[in-house]
Amino acid sequence: MIARFFRRGDDRRATIRQLHARINEASRQVGLYARLGVPDTVEGRFECLSLHVILVLRRLNALPPPAADVAQDLVNSVFLQLDASLRELGVGDFGVPKRMKKLGAAFYGRAAGYDAALDADDQAALAAALARNVLGREEPGAAAGLAAYVRAANAGLARADLDAILAAPPFPDPDAFGDAA
């Protein structure tokens, strides 16, 4: 599967589309919303998608080539989808670049916060960042289940090689991580 990625063209685009679709599926698992408290809103879905993409990017950035190319293509695919979604929501051509800039800043800001908390194994910082960003709440305790899910997802991805990630990123079942607060 990795050899296929070195070739440009349709195979490469199909691989990224498939990975992006699987990450989208993972970010839309009902348990994330029903049990872990992610708001089922446009903003909540953006936050949940961003969280899952960030987790995959963390792993891709730790793998040898061509993982960096996969990571860049994945980011491009995600932001193209966000651009198209804004247009579908009725944002005009002049408003899209401004909104995309804000979404990009939000995405990379969250990535830095989640990375720092996961790298330091700081469960309190992770829960606080998730409560604030994903749940829209200031009580870190509200995100305890979501933080446990994120730690489990991060651990599962850490054991995966590039082929495994491209086949199906190993995200856990959110229903195993408790009720929403």
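The model is predicted, so local features are reported only at pLDDT of at least 70 and side-chain atom pairs only at pLDDT 80 or more, while totals for chains, interfaces and linings use all residues. Residues are numbered from 1 along each chain as its sequence is written, and side-chain values use heavy atoms, leaving out hydrogens and water.

Two packed helices are described by the angle between their axes and the distance between the axes. Helices here are DSSP runs of H or I with at least four residues, numbered from the N terminus. Axes are lines fitted to C-alpha atoms over the stretch in contact, and angles run from 0 to 180 degrees between N-to-C directions.

Helices α4 and α5 pack at an angle of about 170°, and their axes are 9 Å apart. The two are therefore roughly antiparallel, a term for angles over 145 degrees. The crossing of α4 past α5 is left-handed, meaning that the near helix is turned anticlockwise from the far one by less than a right angle, whereas clockwise would be right-handed. Contact (heavy atoms within 4.5 Å) involves Phe 46, Leu 49, Val 53, Val 56, Leu 57 and Leu 60 on the α4 side. Among their partners in α5 are Ala 67, Val 70, Leu 74 and Leu 82. By class, this contact has 13 nonpolar residues, one polar and no charged. In this classification Ala, Val, Leu, Ile, Met, Phe, Trp, Tyr, Cys and Pro are nonpolar, Asp, Glu, Lys and Arg are charged, and the others, Gly among them, are polar.

Helix α5 also packs with α2, at an angle of about 65° and with the axes 10 Å apart. That makes α2 roughly perpendicular to α5, the term for angles of 65 to 115 degrees. Here the crossing is right-handed. From α2 come Arg 12, Ile 16, Leu 19, His 20, Ile 23 and Asn 24, which meet α5 residues including Asp 69, Asp 73 and Ser 77. The contact of α2 with α5 comprises six nonpolar, four polar and three charged residues.

Leu 126, Ala 127 and Leu 130 are among the α7 residues in the contact, and α8 contributes Leu 146, Ala 147, Val 150 and Arg 151. Eight of the contact residues are nonpolar, one is polar and one is charged.

The pockets come next. On a 1 Å grid over the protein atoms alone, a pocket is an open set of points where a 1.4 Å probe fits, with protein on both sides within 12 Å along at least five of seven lines; its lining residues have an atom within 4 Å of a point. The largest pocket has a volume of about 530 Å³. Its lining has 22 residues, with Val 42, Phe 46, Leu 82, Ser 85 and Leu 89 nearest the centre. Helices α2 (10-27), α4 (42-60), α5 (67-88) and α6 (96-119) each supply at least two residues of this lining, and α4 gives the most, with six. The lining of the largest pocket holds nine nonpolar, five polar and eight charged residues.

For the second largest pocket the volume is about 170 Å³; in both cases, volume is the space filled by probe spheres set on the grid points, which are joined across faces, edges and corners. Of the 10 residues that line the second largest pocket, Arg 12, Arg 13, Ile 16, Asp 73 and Ser 77 lie nearest its centre. Both α2 and α5 supply at least two residues of this lining, which has two nonpolar, three polar and five charged residues.

Two loops complete the picture. Most residues other than glycine have a negative phi, and most peptide bonds are trans. The peptide bond from Pro 65 to Pro 66 is cis, with omega near 10°, and Pro 66 lies in the loop between α4 and α5. Asp 121, in the loop between α6 and α7, has a positive phi, near 55°.

Terms used. Angles under 35 degrees count as roughly parallel, over 145 as roughly antiparallel, 65 to 115 as roughly perpendicular and the rest as oblique.
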